[in-house]
Amino acid sequence: MKDVRRVLMIRIGLLSGLILAYRLTIGIPAIAQEQQKYMMPPMAIAQLADAPTTPGVSVSPDNAWLLLMYRPGLPPIEEVAQPELRIAGLRINPRTNGPSRGNYYNALSLKKFPDGAEQPITGLPEDPQISNVGWAPDGRTIAFTLTFADHLELWVAQLNNCTARRLSALPINDAYGNCYEWFSDSQTLLIFTIVAGRGPVATEPLAPAGPVIQENLGRKTPAQTYQDLLKNAYDEAVFEYYATSQLALLTLEGKLTPLGNPGIISAESSPDGKYILVERIHRPFSYSVPYHRFPHTIEVWDQTGNIAYTVAEVPLADNIPITFGSVRTGRRDVSWRADAPATLCWVEALDGGDAGVEADERDRVFMLPAPFAGEPAALITLKTRYSNILWGNDDLALVTESWWKTRNYKITAFAPGSPAAEPMVLIDQSWEDRYNDPGTPLLRPTEWGTWVLLTADNGNTLFLSGDGASPEGDRPFLDGYNLQTHETTRLFHSEAPSYERPVRLIDVDNRKLLTSRESVSEPPNYYLRELNQNQSTAVTSFPHPTPQLAQVQKELIRYKRADSVDLTATLYLPAGYSPADGPLPMLMWAYPQEYKDADFAGQVTDSPYRFVRISAHSPLFWLVHGYAILDDPTMPIIGEGEEEPNDSYVKQLVASAQAAVDEVVRRGVADPDKIAVGGHSYGAFMAANLLAHSDLFRLGIARSGAYNRSLTPFGFQSEERTFWEAPEVYFAMSPFMHADKINEPILLIHGEADNNSGTFPLQSERFYGALKGLGATARLVLLPHESHGYRARESVMHILYEMTDWLDRYVKNAGPREQPQSETNPEGR
């Protein structure tokens with residue numbers, strides 16, 4: 001085996017080196033040599049991209065109001081091209097000291113529940129950029145930030161007059177991901193401000209003081225392929241400058257009280273508002289991992305900013321094992337109990353944080369109430385890895401634990417007020433098994449603004465809401481679960497031809513449920529259901545944003561792979577299509593998933609009754625351009641028992657694609673000689689592999705993918721083995737290593753500022769260089785200022801133009817293949 005691996009690794013190195021040498025010798029660049037203006041797709045496609053979006057909806061804590069949050073259309077490239085700092089895993093707009101890629105709303109309205117008229121919130125500036133919207137615990141006030149050209153401000157709107165006002169002129173610091181939170185009194189906010197008088201950022205020196213040196217002296221410190229890391233001392237200074245905040249208390253009357261010293265801080269007030277849990281990042285920073293792994297101190301402050309308790313001194317976490325499920329050692333996941341005034345809880349690993357070692361017990365949960373004296377109480381010990389806790393009261397909390405190797409999760413009920421009481425396992429199953437998913441417990445807001453378990457019948461009944469996956473598709477449900485008898489009572493179940501999901505149980509005693517209902521041709525709207533009377537009343541009436549798609553034909557189809565694994569896909573046909581029209585050109589758009597159980601891999605993962613929704617990354621645009629669309633044909637990669645899914649990735653991938661092609665051809669809706677395949681991210685990786693290892697498709701479209709897995713050597717996606725542990729797997733799965741087998745056109749698209757782990761733009765550039773050097777038909781489109789997803793209107797329109805051009809050229813209007821279609825060979829041609 002060692003000899004085989006050595007040969008593979010040598011071959012990988014030689015292939016990469018030869019391609020690079022070939023390019024350098026004859027002067028072939030790695031990227032396209034054409035600077036093109038942004039282009040527009042056909043009008044019908046452009047109109048879909050410019051369609052209005054349905055507003056977001058938020059329910060007030062007292063269930064009395066709906067807040068409607070309206071979104072603007074796609075932002076212009078001028079907005080996306082604002083200055084951006086990419087440091088320590090953060091992306092910051094240095095002009096505003098906020099996130100450089102945040103989404104925002106441009107209008108807010110209030111609607112008295114359930115049937116009041118919509119009332120716009122007035123007093124906002126023209127064309128506002130609204131974000132960080134949050135209800136006060138009493139539901140009478142809404143806070144939010146407004147982004148201006150050079151700063152962020154904190155604003156509020158009170159429901160008694162529906163008028164917005166600026167709460168403070170102090171510039172808010174939102175670089176670090178949190179900028180304010182409400183205190184339990186609904187009159188005070190904890191805010192993060194830019195440090196007064198901080199001056200301008202340091203100027204980058206023209207000449208370095210010396211080399212940048214990293215050193216490792218025999219210690220194992222594996223790391224993923226993180227983006228946007230610190231690179232030098234200047235980056236460290238810039239990170240400190242923009243991430244440092246002054247914590248302060250701010251009342252609705254405008255009284256400001258600074259707390260403690262400035263720092264790189266995140267903070268959370270205790271439910272009763274008497275304490276603040278503070279996490280302060282400090283040096284030494286790292287050039288190998290992002291900010292959330294930097295050293296930090298966890299403390300409890302009182303309301304004057306004095307330290308009441310030091311929870312932990314957490315060291316740099318650059319040596320966490322890469323085995324999935326591995327964690328930091330020491331106290332982690334420190335938070336407040338949501339159902340107690342001021343009680344800390346945290347988790348500690350019992351296995352050294354290493355999921356790769358054998359251990360009978362993995363984690364233990366601890367609790368320490370104010371005033372944080374004495375020894376912490378051990379609440380519960382877990383055999384697998386802690387995920388989260390949902391708090392209820394001293395008699396009830398639910399802890400979830402999970403284990404990657406088995407894909408198992410477990411939910412256990414325990415009594416926080418009686419740690420010696422025997423815990424009770426409620427759920428113990430595979431998370432891959434959607435058909436038997438019992439649902440997620442509903443929560444309710446407390447007077448403090450926290451969220452706890454919603455119960456009835458003196459705490460004996462929980463309410464569980466789930467997708468309701470079934471062979472007929474998803475049918476969301478609401479169940480009552482009796483903690484004493486473990487019996488469930490079905491309270492609501494979505495019925496065809498609609499897809500209706502529970503949003504909030506508005507009235508527990510009278511069983512009034514707020515739902516969101518949609519159908520293939522009706523957009524999501526909110527309804528009040530009276531479960532005891534089986535009646536529903538419309539609460540909102542949002543119009544169809546794309547009426548041109550209202551008559552599109554949608555069908556959830558089922559078929560089998562050659563090895564009898566059940567597969568599904570959603571088939572879309574253009575409005576007015578008839579079987580008499582014959583087969584159409586088709587675009588298949590997919591994303592592979594790994595499984596440990598073949599039966600679970602074959603479960604249906606969608607609903608035939610979901611609204612036909614268009615987003616910037618949707619493949620459905622081409623329904624108005626004469627194409628059939630096969631969306632999300634399942635591509636399960638299965639590894640049962642000791643076998644890992646990726647051990648036979650290519651074979652299974654090609655078999656799934658073959659089954660999808662055979663099914664649409666059998667149905668007569670697709671021309672077998674005019675089918676394209678595409679995907680985004682891991683779907684792009686899939687598309688390139690299908691071109692390399694089959695002749696099923698005329699064109700591949702690969703957006704923001706990774707193609708050379710030797711560049712992600714410490715694991716990727718669901719693969720936790722390293723390159724050196726499984727070089728044959730990395731080689732077999734890498735389209736770059738098989739670029740010489742790709743003889744169909746391929747369109748590569750990538751954001752040049754991609755921030756996703758592993759999908760560096762270099763992946764597409766090097767893959768294109770290999771294809772070009774080998775004489776393939778390929779095109780690389782690099783989108784300025786775009787990240788892993790594409791935001792600017794100009795970028796989205798240009799992508800649609802590029803895809804339409806290549807779909808029409810190499811699929812719809814393509815002549816017969818130059819050579820007859822060959823037999824598929826999963827091992828390569």
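**View 1. The lining of the largest cavity has eight nonpolar, no polar and no charged residues.** In this classification Ala, Val, Leu, Ile, Met, Phe, Trp, Tyr, Cys and Pro are nonpolar, Asp, Glu, Lys and Arg are charged, and the others, Gly among them, are polar. The model is predicted: local features need pLDDT of at least 70 and side-chain atom pairs count only at pLDDT 80 or more, while totals for chains, interfaces and linings use all residues. Residues are numbered from 1 along each chain as its sequence is written, and side-chain values use heavy atoms, with hydrogens and water left out. Leu 398, Ile 411, Leu 426, Ile 427, Pro 441, Leu 462, Leu 464 and Tyr 481 line the largest cavity. Strand S26 (424–430) and strand S31 (461–466) are the elements that give two or more residues to this lining. The volume of the largest cavity is about 60 Å³, and the count of cavities of 30 Å³ or more comes to four. A cavity is a set of points, on a 1 Å grid over the protein atoms alone, where a 1.4 Å probe fits but cannot get out; lining residues have an atom within 4 Å of a point. Grid points are joined across faces, edges and corners, and a volume is the space filled by probe spheres set on the points.

View 2. At the start of H4, the backbone nitrogen of Tyr 234 has a side-chain oxygen of Asn 232 within 3.1 Å. Helices (H or I, at least four residues) and strands (E, at least two) are DSSP runs, numbered from the N terminus.

**View 3. S3, S4 and S5 form an open sheet of three strands in the order S3-S4-S5, with antiparallel pairing.** S3 and strand S5 (98–99) stand at the edges with a single partner strand each, so one side of each has no neighbour in the sheet. S3 and S4 run antiparallel and are joined by three bridges; strands pair if DSSP finds at least two bridges between them. Ile 87 stands opposite Leu 90 in S4.

**View 4. His 151 lies in the loop between strand S9 (141–147) and strand S10 (152–158).** Its side chain makes polar contacts of 2.7 Å with that of Asp 150 and 2.8 Å with that of Glu 153. A polar contact is a pair of N or O atoms within 3.5 Å; within protein, one must be able to donate a hydrogen and the other to accept it, and residues adjacent in sequence count only if both atoms are side-chain atoms. Not counting residues up to four places away in sequence, His 151 touches Arg 95, Thr 96, Leu 146 and Pro 171.

**View 5. Strand S38 (residues 553–560) and strand S39 (residues 566–573) form a hairpin with five residues between them.** The two strands pair in the antiparallel sense over eight bridges, and Gln 553 stands opposite Leu 573 in S39. In the turn, Ser 564 has a positive phi of about 75°. Leu 571 lies in S39 and is buried, with a relative accessible area of 3%.

Notes. Contact = heavy atoms within 4.5 Å. 1 Å grid on protein atoms, 1.4 Å probe; cavity = no way out; pocket = protein on both sides within 12 Å on 5 of 7 lines; lining within 4 Å. Buried < 20%, exposed > 50% of the residue type's maximum accessible area, 1.4 Å probe, protein only.
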